[in-house]
Amino acid sequence: MVDNLDAYRVFYFIAKTGSLTKAAEELYITRPAVTHTLKLLESRLGGKLFFRSSKGVKLTTEGEVLFKYIEQAYHFISSGEKKIAEMHQLLSGEIKIGAGDTLCKHYLLPYLKTFHEAYPDIKIQVTNRTTPDTVKLLKEGKIDFGIVHLPIAEKNLHVPGEPANRGRVYRRRNIQPAREGAGVLGRAEPLSYSPIGAGDQHPGFYRPVRRGRGIQLRPEIELGSIDLLVEFARSGLGIACVVKSFISRELEQPGLYEIKLERPIPPRKVGIVTLKDVPLSAASQRFIELLPSL
């Protein structure tokens, strides 16, 4: 194992400059320190690495062999530092995002385009999953951050909006779209249409609708796309809770209408979730800063 990288650093600069004195100047240490370090390295390796000449010092045969490897190592280190600098300058890097269909289409997509135009060398990977699956991918380290529906009770995740955390929480109003003539949700009488739910909706999503009305709303059909939710409701297969601003065009077309509730459904919370104590890359941090509040 390499247990003294400083000794190889001294060796490298002696070989590059051909002088112990110049190596000491490059390293900002004393000449005796260079001599002492070289002797320790030669002792550890079991042979001389340099011999004196009229112009300074030159590598021995063994020293030339070692230098080839040390020089490659320095080039790799230099390349690594350069790559890190490029990543901080957003000249290279990668972002891995997890989000559901609806958030990808209606929220994330425009900002992905803006970010890509500003930083074309940053690779962007989007994994389309429901909120529970996105959280799972995040915990497995397969994505950098997720855009999910809140609340989420996970101790090892940083969830914006929680009292102990700082970050962004986005809110969207909800709406109940239904097929024309389907009836009005909110009365105590039996519903003629079963509720349709998104696969990642929180169990408490329907609670304000059923509270005090003797209604048990358990989605019989679960879908992962807002477009499918709208089409199923349009086809008369049930009622669905969706974000109103996401279906403004659909509401202008025949076949759907908004059911007015006696007690409005509270705003739905959407936020960015990351792993606690795991710093984001410069690219991921910049992308999150680009996202506005909903």
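These legends accompany an overview and close-up views of a predicted model.

**Figure 1. Overall make-up of the protein.** The predicted model contains 10 helices and 15 strands. The protein has 294 residues, and 40% of them count as buried. Among contacts with a separation of 6 or more, 70% join residues 24 or more positions apart.

**Figure 2. Packing of helix 1 against helix 2.** Helix 1 covers residues 5–17, and helix 2 covers residues 20–27. Their axes lie 8 Å apart, at an angle of about 125°. Helix 1 is therefore oblique to helix 2. The crossing of the two helices is right-handed.

**Figure 3. Residues at the contact of helix 1 with helix 2.** Helix 1 contributes Arg-9, Val-10, Phe-13, Ile-14 and Thr-17. Helix 2 contributes Leu-20, Lys-22, Ala-23, Glu-26 and Leu-27. Six residues of this contact are nonpolar, one is polar and three are charged.

**Figure 4. Phe-145 in strand 5.** Strand 5 spans residues 145–150 and includes Phe-145. The relative accessible area of Phe-145 is 0%, so the residue counts as buried. The C-alpha atom of Phe-145 is separated by 8.6 Å from that of Thr-134, 11 residues apart along the chain.

**Figure 5. Contacts of Phe-145.** Neighbours within four places in sequence are left aside here. Phe-145 is in contact with Ile-95, Lys-96, Ile-97 and Gly-98, among others. Further contacts of Phe-145 include Leu-138, Ile-272, Val-273 and Thr-274. Ser-284, Phe-287 and Ile-288 also touch Phe-145.

Methods. Residues are numbered from 1 along each chain as its sequence is written. This is a predicted model: local features need pLDDT of at least 70, side-chain atom pairs count only at pLDDT 80 or more; totals for chains, interfaces and linings use all residues. Side-chain values use heavy atoms; hydrogens and water are left out. Axes are lines fitted to C-alpha atoms, for helices over the stretch in contact, and angles run from 0 to 180 degrees between N-to-C directions. Helices (H or I, at least four residues) and strands (E, at least two) are DSSP runs, numbered from the N terminus. Angles under 35 degrees count as roughly parallel, over 145 as roughly antiparallel, 65 to 115 as roughly perpendicular and the rest as oblique. A crossing is left-handed if the near helix is turned anticlockwise from the far one by less than a right angle, and right-handed if clockwise. Contact means heavy atoms within 4.5 Å. Ala, Val, Leu, Ile, Met, Phe, Trp, Tyr, Cys and Pro count as nonpolar, Asp, Glu, Lys and Arg as charged, and the others, Gly among them, as polar. Buried means under 20% relative accessible area, exposed over 50%, partly exposed in between (1.4 Å probe, protein chains only).
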